[in-house]
Amino acid sequence: MKNFFTGHPETVGETYWQHMAVALSFAGALFGAAFAALVHAFFPAWFEKTASAKITYLHDRMLCNRRKRELL
């Protein structure tokens, strides 16, 4: 059962708890982006680039962290 919880985190160079923290930080940011997109749907002048900017930031953050691990 240990591998079920630790298998994937180990493949990305994290402990279970570190991986949980990173995943929760991404979840929070995605909820924020989703809220901005929802508001934007009703009020197009508001949050014009917020959701896309947050998604781009998260994508870059994930790729940069992956590249750092590959260099180690």
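Is Glu14 buried or exposed in this structure? Glu14 is buried, because its relative accessible area is 17%, where buried means under 20% relative accessible area, exposed over 50%, and partly exposed in between (1.4 Å probe, protein chains only).

## Basis of the model

This is a predicted model, in which local features need pLDDT of at least 70 and side-chain atom pairs count only at pLDDT 80 or more, while totals for chains, interfaces and linings use all residues. Residues are numbered from 1 along each chain as its sequence is written, and side-chain values use heavy atoms, with hydrogens and water left out.

The chain has an average pLDDT of 90, and 90% of the residues score at least 70; pLDDT is the predictor's confidence in each residue, from 0 to 100. Confidence is highest in helix H2, at a mean of 96, and lowest in helix H3 (residues 50-71), at 85. Where pLDDT is low, the predicted coordinates should not be read in detail.

## Overall form

The chain contains 3 helices and 0 strands, and along the sequence its pattern is α-α-α. Helices (H or I, at least four residues) and strands (E, at least two) are DSSP runs, numbered from the N terminus.

The radius of gyration of the chain is 16 Å, whereas a compact globule of 72 residues would have a value near 11 Å. This radius is taken over C-alpha atoms, and the globule rule is 2.2 Å times the number of residues to the power 0.38. Along the principal axes, the C-alpha atoms fill a box of roughly 45 × 30 × 10 Å. Of the 72 residues, 17% count as buried.

## The loop between H1 and H2

Glu14 is located in the loop between helix H1 (2-11) and H2. The side chain of Glu14 forms a polar contact of 2.7 Å with the side chain of His19. A polar contact is a pair of N or O atoms within 3.5 Å; within protein, one must be able to donate a hydrogen and the other to accept it, and residues adjacent in sequence count only if both atoms are side-chain atoms.

## A nonpolar surface patch

Phe35, Leu38, Phe42, Phe43, Trp46 and Phe47 make a nonpolar surface patch of about 710 Å². Like charges are joined within 9 Å, and nonpolar side chains (Val, Leu, Ile, Met, Phe, Trp, Tyr) within 5 Å. Accessible areas come from the Shrake-Rupley method with a 1.4 Å probe; for residues, only the protein chains shown count as cover.

Phe47 counts as partly exposed because its relative accessible area is 38%. Although Phe47 is not a glycine, it has a positive phi of about 50°.

## Distances along the chain and in space

Lys2, in helix H1, counts as exposed because its relative accessibility is 63%. Between Lys2 and Ser52 there are 50 residues of sequence separation and 37 Å in space, C-alpha to C-alpha.

Tyr57 lies within helix H3 and is partly exposed, at 46% relative accessibility. Ala37, a residue of helix H2, is partly exposed, with a relative accessible area of 37%. Ala37 and Lys49 are 12 residues apart along the chain, and their C-alpha atoms are separated by 8.9 Å.

Technical notes:
Patch = residues over 30% accessible without salt bridge, like charges linked within 9 Å, V, L, I, M, F, W, Y side chains within 5 Å. Salt bridge = Lys/Arg side-chain N within 4 Å of Asp/Glu carboxyl O.
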